[in-house]
Amino acid sequence: MGRDTQLESNPSPFFEEFAEGLPLTVRASATAGRGMYAAEEIAAGEVIQDAAPIVAHPTLNNIDKCCYLCLKYTQEGVRYYPDGVKSPAEGKLRPSFCSEACALYAEDQFYGVEQQANWTKLVEHGREHGLRFPLLVARLACMVLSEAAEPDVLRPLCFVKTDPTPPEWVEEHSIVYQALRRSGQSDEALRFLTLDWYVSVIARMHLNSFQVDIVRPLDPSDLFAAASDAAAGHGSAGSAVYLLPSMYNHSCEPSVDIHWPRDAIARFEARRDIQEGEELTITYIDASLPVETRQKHLEWAYGFRCQCQRCQDEKEPP
């Protein structure tokens, strides 16, 4: 995430305003482009930061279980449906919110634009191919059209260059563009939504998105469903992209834990005492996996082989 791999990135001073007041700083890393470092001593268990996402979206499997804005799990009987709510996928999605406050905020940020479009094709495409990023890109596009985000809001994040453009990204861009154009958006309003913009955004999402794993409320009637979701790999409430947290580099023995106690606001806590100047790291994967499995997963998903001390200690001698 903080790693620079065949990519362009803004210098770390860009992030100074976002780190103000936090016990951390962003600076160049000797092995991974940029990284997050402790600006002071941090005690074990200390909350380093709480971070709200730039953009978030529930998984298709959990879209009827999570708030359509904050991803908080909702209970039957307490889901809030705005008056006159229109499904963005002709009944295939039935979005709800955990509160009137979330519904009103979403209306202003993206939902007023999003609900005008027919997203059936994008939803079916996502289900067929098991994709989550096109939904995030579509939501960000709606945020731009709602003037809740700038088109280049993700520009500071790292990305892997792709040449040529994957054909599936070309198809997805067309689906998103046509859905919004047919909803009544003008060519002028959609001028930002070029193929280049789509590629730049989704490439950044591939390296910088987090799966939001919120602890699900213990409702006895939902225990079986929760267990089934976990077994099928559907336990994540959704996906989200953050700005400053994307600067944390990976380690299989990280110094920082990530939690989502309630909703899409990510909490970063020190796993142990951390010295001033020490790099703050998180794990991008399940760190309990064997070393070779971790290495293959990281290389496939992020383009690097981990060289942390734990990986070096666990590698079999040649």
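By exposed I mean over 50% relative accessible area, while buried is under 20% and partly exposed is in between, using a 1.4 Å probe and protein chains only. Glu 147 lies in the loop between α4 and α5, and its phi is near 60°, a positive value in a residue other than glycine.

A word on what we are looking at. This is a predicted model, where local features need pLDDT of at least 70, side-chain atom pairs count only at pLDDT 80 or more, and totals for chains, interfaces and linings use all residues. Residues are numbered from 1 along each chain as its sequence is written, and side-chain values use heavy atoms, with hydrogens and water left out.

The pLDDT, which is the predictor's confidence in each residue from 0 to 100, averages 84 over the protein chain, and 81% of the residues score at least 70. Please be careful with residues 85–92, where the pLDDT is below 50, and with residues 223–234, where the pLDDT is also below 50.

Now the overall picture. The protein chain has nine helices and ten strands; these are DSSP runs numbered from the N terminus, with helices being H or I of at least four residues and strands being E of at least two. Of the 318 residues in the chain, 49% are buried.

What about the inside? In soluble globular proteins, nonpolar side chains tend to be buried together. Here the largest nonpolar core has 94 residues, and Trp 119, Leu 180 and Met 205 have the most contacts inside it. Such a core is a set of buried Ala, Val, Leu, Ile, Met, Phe, Trp, Tyr and Cys residues joined through side-chain atoms within 4.5 Å. Helix α4, residues 133–145, gives the most to this core, with eleven residues.

Next, which helix is largely enclosed by the rest of the structure? That is α6, because ten of its 14 residues are buried. Among them are Trp 197, Arg 204 and Met 205. Helix α6 covers residues 195–208, and its buried residues pack against several elements, including β4, α4 and α8.

Two loop details to finish. Leu 71, in the loop between β4 and α2, has a positive phi near 70°, and Leu 71 is buried, with a relative accessible area of 0%. Finally, the peptide bond from Asp 163 to Pro 164 is cis, with omega near 5°, and Pro 164 is found in the loop between α4 and α5.

How values were computed
Contact means heavy atoms within 4.5 Å. The expected span of a helix is 1.5 Å times one less than its number of residues.
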